[in-house]
Amino acid sequence: MSIMRIAQVLLRESDRDHPLTQQEILDFMETKYAMTVSRKSIGRNLSRLKEAGLPVVCREVTRVVNGKEAPLALDWYLPSRSGSCRKS
C-alpha cells in the first residue's frame, strides 16, 4: 500500500522544478496518509517504481547545512506534465 501512496505523492507534489527528498516524501506520508514508513522503505519503493516503468527521476545533489557541505543527497520527482497539481 505504501508504494501506491508514494506514487501519489510524487504525482501530486513533485515535478522537475519541485523535487522531493526522501524525508519530504516520508513527511507527506505521515501527514496526508497517517502512514509511518521508514526512510529506507521509501528509497526501496522509489527504486521499485522506477524499475516498474514509472518515469521517476532521481538526481544527486549536494546540500549545505550550517555552512558546511553535507553528504550527497537524492531528490526524486516525476517529470512535469500538463495539469500538474503542484502549488508553489
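I will start with Ala34, which sits in the loop between α2 and α3. Ala34 has a positive phi of about 50°, although it is not a glycine. Most residues other than glycine have a negative phi. Ala34 is also exposed, at a relative accessible area of 69%. For that term, exposed means over 50% relative accessible area, buried means under 20%, and partly exposed lies in between, with a 1.4 Å probe and protein chains only.

Some ground rules. This is a predicted model, in which local features need pLDDT of at least 70 and side-chain atom pairs count only at pLDDT 80 or more, while totals for chains, interfaces and linings use all residues. Residues are numbered from 1 along each chain as its sequence is written, and side-chain values use heavy atoms, with hydrogens and water left out.

Now the overall layout. The protein chain has 3 helices and 5 strands, and along the sequence they follow the pattern α-β-α-α-β-β-β-β. Of its 88 residues, 38% are buried. The accessible surface comes to about 5,800 Å², and carbon and sulfur atoms hold 50% of that. Those areas come from the Shrake-Rupley method with a 1.4 Å probe; for residues, only the protein chains shown count as cover. Contact means heavy atoms within 4.5 Å. Taking contacts between residues at least 6 apart in sequence, 51% join residues at least 24 apart.

Next, how do the helices pack? Two packed helices are described by the angle between their axes and the distance between the axes. Axes are lines fitted to C-alpha atoms, for helices over the stretch in contact, and angles run from 0 to 180 degrees between N-to-C directions. Take α1 and α2: their axes are 10 Å apart and the packing angle is about 105°. That makes α1 roughly perpendicular to α2. On the naming, 65 to 115 degrees counts as roughly perpendicular, under 35 as roughly parallel, over 145 as roughly antiparallel, and the rest as oblique. On the α1 side, the residues meeting α2 include Ser2, Ile6, Val9 and Leu10, and their partners include Ile25, Phe28 and Met29.

For α1 and α3, the axes come within 10 Å and cross at roughly 75°. These two helices are therefore roughly perpendicular to each other as well. Ser2, Ile3, Ile6, Ala7 and Leu10 of α1 make this contact with Ile42, Asn45, Leu46, Arg48 and Leu49 of α3.

The remaining pair is α2 and α3, with axes that come within 9 Å and cross at roughly 105°. They, too, are therefore roughly perpendicular. The contact involves Gln22, Gln23, Ile25, Leu26 and Met29 of α2, and Arg39, Ile42, Gly43 and Leu46 of α3.

What does the largest nonpolar core contain? It has 18 residues, and those with the most contacts inside it are Ile6, Val9, Leu10, Ile25, Met29, Ile42 and Leu46. A nonpolar core is a set of buried Ala, Val, Leu, Ile, Met, Phe, Trp, Tyr and Cys residues joined through side-chain atoms within 4.5 Å. The elements giving it two or more residues are α1, α2 (22-33) and α3, and α2 supplies the largest share, 5 residues. Leu10, leaving aside neighbours within four places in sequence, is in contact with Ile25, Leu46, Val56, Trp76, Tyr77 and Leu78.

Ser2 is in helix α1, residues 2-13, and is buried, with a relative accessible area of 18%. Beyond four places in sequence, Ser2 is in contact with Met29, Met35, Val37 and Asn45. Thr21 is in strand β1, residues 20-21. Thr21 is buried at 16%, and it touches Arg63, Leu74 and Asp75, not counting residues up to four places away.

Last, α3. Its 13 residues should span 18 Å at 1.5 Å a residue, and its end C-alpha atoms are 19 Å apart, which agrees. The expected span is 1.5 Å times one less than the number of residues. The buried residues of α3 are Ser41, Ile42, Gly43, Asn45, Leu46 and Leu49. Ser47, in this helix of residues 39-51, is partly exposed at 31%. Just after α3, Gly53 takes a positive phi of about 105°.

Definitions and conventions
Helices (H or I, at least four residues) and strands (E, at least two) are DSSP runs, numbered from the N terminus.
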